[in-house]
Amino acid sequence: MMGVFRAWGRVFGGSRRGLGTHPPPGDAGFGTKARRQLSPRGSSKPLGPLGDRPVPGLLRTDSLSREELAAVLRAAVVDQKGPLVTLNKPQGLPVTGKPGELTLLSVLPELSQSLGLREQELQLVRAPGKETSGLVLLSSCPQTTSRLQKFFNHSRRAQRPTATYCAVTDGIPAPPEGKIHVALALEHIDGVSLVVPVKSPSRKNIVEGVKRTLSHFRVMATGSGCALVQLQPVTVFPNQLQVHMMLQLCPVLGDSTYAARVGTVLGQRFLLPAESRKPQRQMRKL
């Protein structure tokens, strides 16, 4: 199950639901018997379907031309008002990359042209990462872009979340609501780049790339040993939400990188060292 992250964009208190992952109508999205639908916390009444659109596939940019990718993004536009354009970024599309790589930024000129924006080219304001589907906010006005980016920077310094994500997790977090505050660092282990937690980081660690990260989480519904979790990152770090849920011993369903670090013995979950497990496809029987 891929793409279980789903972004909900928030700007100045307003919100619009992102595309993300939607199970087919009538399916709660938790596999065979989980067509037994999710139940909201504190209620025995089944929760309705998580969405009314089919689950989108992983976008592979290596099979697309620039014009084809621009057409995909043009079809994903959900709102265009004044200088602002909002679109649903599919999972698998990188936002930035090396020169010559096909990315969201690289096709903004073609997208701008297809939307009839001749005078000003679209600029990126906010976007979820490569492995996340969700809302991208673009602006064709440099002044508007600058004001919005200042707003997001100010909110981050004030530790106010500016984006909300939803994820299905393998396991139910306990307690069902709280904050995850941990220092993270990017390390290269056996040729693979992995984000790892750092205990009691020193000032030297912080200077060398260790970052203190913070996310809010809240369980919204549960079913079949899984949970629908609302996540609000306050800080920005690669794979922050995936790692935070791994540290809760409830990895994101479909996470083939960090879920492998959660082991189980006699029904009890524990965290394995990063060096002991290589990324692998996550499997779960329901």
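Analyst: A search of the whole structure finds one aromatic pair, where pairing requires the ring centres of Phe, Tyr or Trp (its six-membered ring) to lie within 6.5 Å, with planes under 30 degrees apart counted as stacked, over 60 as edge-to-face and the rest as tilted. This is a predicted model, in which local features need pLDDT of at least 70 and side-chain atom pairs count only at pLDDT 80 or more, while totals for chains, interfaces and linings use all residues. Residues are numbered from 1 along each chain as its sequence is written, and side-chain values use heavy atoms, with hydrogens and water left out.

A ring also takes part in a charge contact: Arg126 lies over the face of Phe152, at 4.4 Å from the ring centre, the criterion being NZ of Lys or CZ of Arg within 6 Å of that centre and within 35 degrees of the ring normal.

As for the sheet, four strands form an open arrangement in the order S4-S5-S7-S6, with antiparallel pairing. Strand S4 (77-81) and strand S6 (123-126) each have a single partner strand, so one side of each edge strand is left without a neighbour in the sheet. From one strand to the next the twist averages 25°. Strands here are DSSP runs (E, at least two residues), as are helices (H or I, at least four), numbered from the N terminus, and two strands pair if DSSP finds at least two bridges between them.

Six bridges join S5 (residues 84-89) to S7 (residues 134-139), which run antiparallel, and Val85 stands opposite Leu138 in S7. Helix H3 (residues 142-157) packs on this sheet, touching S5, S6 and S7, and its direction makes about 25° with that of S6. Contact means heavy atoms within 4.5 Å, and axes are lines fitted to C-alpha atoms, for helices over the stretch in contact, with angles from 0 to 180 degrees between N-to-C directions.

The peptide bond from Ala174 to Pro175 is cis, with omega near 5°, and Pro175 is placed in the loop between strand S8 (163-170) and strand S9 (177-189). Ser224, although not a glycine, has a positive phi of about 55°, and Ser224 lies in the loop between strand S11 (211-223) and strand S12 (226-233). Such features are worth noting because most residues other than glycine have a negative phi, and most peptide bonds are trans.
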